[in-house]
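Here is a briefing on backbone geometry. Have a look at the structure first, then read the points below.

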Amino acid sequence: MTLLPALPILLPLCGAVFCMLLRTHLAAQKGVALLFSVLVLGASIGLLAQTRDGSVAVMNVGNWAAPYGITLAADMFSCVMLVLSGLLAVSVFIYACFDLDTERIRFGFFPLSLILLMGVNGAFVTGDLFNLYVWFEVLLTASFILLALGGEQPQLEGSIKYVTLNLLSSALFLAGIGILYGMAGTLNMAELAHVVQQGDRGGLVTMVAVMFMMAFGIKAGMFPLYFWLPASYPTPPAAVTALFSGLLTKVGAYSMIRVFTLIFITDPDFLHVLILTGAGLTMVSGVLAAAAQYEMRKILAVHIVSQIGYVIMGLGLFTPLALTGTIIYLIHIIIVKTNLFLVAGAIRRIKGTYDLHELGGLYKERPGLSVLFIISAMSLAGVPPLSGFFAKFTLILAGLNRGAWVIVAVALGVSLLTLYSMVKIWTYVFWKPAPEPLPDRITASGGKWLAFLSPMIAFTLLAVGLGIFAGPVFDYAQTAADQLMNSDAYIQAVLGGG
Amino acid sequence: MSSTILRTATRYMFPPLLVFSIYLLFRGHHFPGGGFVGGLFAGSAFSLYALAFSVSDARRILRSDPRDVTAAGLALALISGIPPLFSGHAYLTGTWWMLTLPSGVHLDIGTPLIFDIGVYFVVLGVVLTLVFALGEEQ
Amino acid sequence: MEIVLAIVVGTLYGCGLYLMMRRNLVQLIIGLALISHGANLLIFTAGGLRQGGAPILAEGDAAFAQIPADPLPQALILTAIVISFAVTAFALVLFLRTYQTVGTDDVDQLKETDT
């Protein structure tokens, strides 16, 4: 019996407790938060190494056997997500140490972020639907407070929309859980998969599946349920937005993938086609909404919606290759998108604005920062040989293999429009001469500045590395996707003694 | 609020309410009760005090910040999962120690009890954080 | 009994959604609370309404004397109630602060982020 699967949940909680006790010592909080996020990353990598042969790490909390107790189960897909969330936490914390105002740190940015991380990691490793709901509430509550922290008017208004729609989604999720429990008599995901596939319950399963689709769709920002996202994500500081963009919507997407590859696979002709349609519409509406924006952070935030479309597209196609594409895309998007938000935050830190009209001439002033931005932006658009190219290539190949021409055409078109948005930022912020020269607000050079940039440099290198070492990444994602498609091993690992 | 009746009643009610909350906490292992409802009860005792006197008075008799209370409770709950690890069981497995006091009374102390005390403090801390925040808005 | 509870669940959901679509922040939060009550009651109903003994074995018994009631839905509901209690309390603080900052409780006036 090993503690390893529980560590990504317990370590952030320990960190949060220490941060809360050190409430008045801001510098100590920074150190503790960084230390624990590094520990979480370490534990996640350990778990990744343990499951890389395709096994599932299972732990029964409190020694109550599955399916009666609380089960934690981490397969390869979970481990990838855990490592990504750990990586994200470390880099956002480094960024926040330099950029975030003392007011927000005093009000508990670090303990709240660690609790958010705990909720996210819990959602990634849980093997039980009701616990998934609990972890969702943990991460949502933390995110509510993080979003409203600071109390500026746009933040509060965005928070109200975010809180209302997410509470509605939780109520839907809970109702779905209730009906599922009445039907199957269990909420352990492995046993649920077993029970649902055995009996022929027809329409009821499909109806519950649609409830889950809506609940996770709201959280992931899927068409037509994403209206809270553009209203709330651009309002908090860049560190919080980066954390949200990398973790929150991705948890929704992860849960959707988990549930629709493990439990609701009885009616793919209806359910997965519905997901695919939603994916196409999500991509288009996200990218079109972004084209109309002229604020850097808003463009990036609205683009999250269109990226989620790609992630869900792989699930909708529902072939091993498509899921491989989805996993690569998730890895790519978490790294690249976070980096873009951080770079945008760095620009704002120097110039004091996100507005495309006011900014300009940054290529001349800050070539280093420009390189960091352009590599991530091109990767987001899918220019070879960067990470986004291989992710999109795999997805489109899977679409062609299935003969799903429409979605392939949509994905390619949206890719082009993404390029347009990124080029728009590039032209306005970096190429165009500044309308009125904006003085630097801080001295952006020296060792401290380099330390501030270090997470962005690391992410940019990762984005390039994912492109260069696409082969090993692809192999790994393929094994993980096969594991998702053949759920028997997962069920066996959870129910067979663990 | 400055009602003499409420203030006088609160002075007398406050200690028994806290004692009863602790009674509920310890009763919880075998009977209805437990850390959650105990903490809620203690929280409402302090809320009553805040209503009758003022939020700053309630803060004063709590002595520590409610957020510290929450953190301490979380720490206690986390620690309660550790002992079974030494005997090779999973995290949070219930572990019991039987103690016999010199007077001959048997006492069972277990990790679920420590967990429950942690829950008590977490609930107390969270309730008071929210109530004080709402109270100080006025 | 199921039918009565089903009607109650439906009414709770209906009232909750109606209140959520009103423009008043206080009504919005009452609507959210009603919907979460509806979901809890739905779990209770869907979990099966059985009359039975307590699911606790008497000392020395190997099996239950009578079919016990299923305790799990109640445990689930208890957890869900605790969570919705905490979230509603937070939402109250948030709405109060918004009211103080924006100076209105009309949802239609919250247009700062609509572009």
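A:F318 sits in the loop of chain A between α13 (296-317) and α14 (320-351). Helices here are DSSP runs of H or I with at least four residues, strands are runs of E with at least two, and both are numbered from the N terminus. The model is predicted: local features need pLDDT of at least 70, side-chain atom pairs count only at pLDDT 80 or more, and totals for chains, interfaces and linings use all residues. Residues are numbered from 1 along each chain as its sequence is written, chains are lettered from A and ligands numbered from 1 in the order in which they are written, and side-chain values use heavy atoms, without hydrogens and water.

Positive phi

- Most residues other than glycine have a negative phi, and most peptide bonds are trans.
- A:F318 is not a glycine, yet its phi is positive, about 55°.
- A:F318 counts as buried because its relative accessibility is 18%.
- Buried means under 20% relative accessible area, exposed means over 50%, and partly exposed is in between (1.4 Å probe, protein chains only).
- B:R63 is not a glycine either, and has a positive phi of about 75°.
- In chain B, the loop between α3 (55-62) and α4 (66-79) holds B:R63.
- B:R63 counts as exposed because its relative accessibility is 78%.

Cis peptide bonds

- A:F223 and A:P224 are joined by a cis peptide bond, with omega about -5°.
- A:P224 belongs to the chain A loop between α9 (203-220) and α10 (228-232).
- A cis peptide bond also runs from A:P384 to A:P385, where omega is near 0°.
- A:P385 is in the chain A loop between α16 (367-381) and α17 (387-402).
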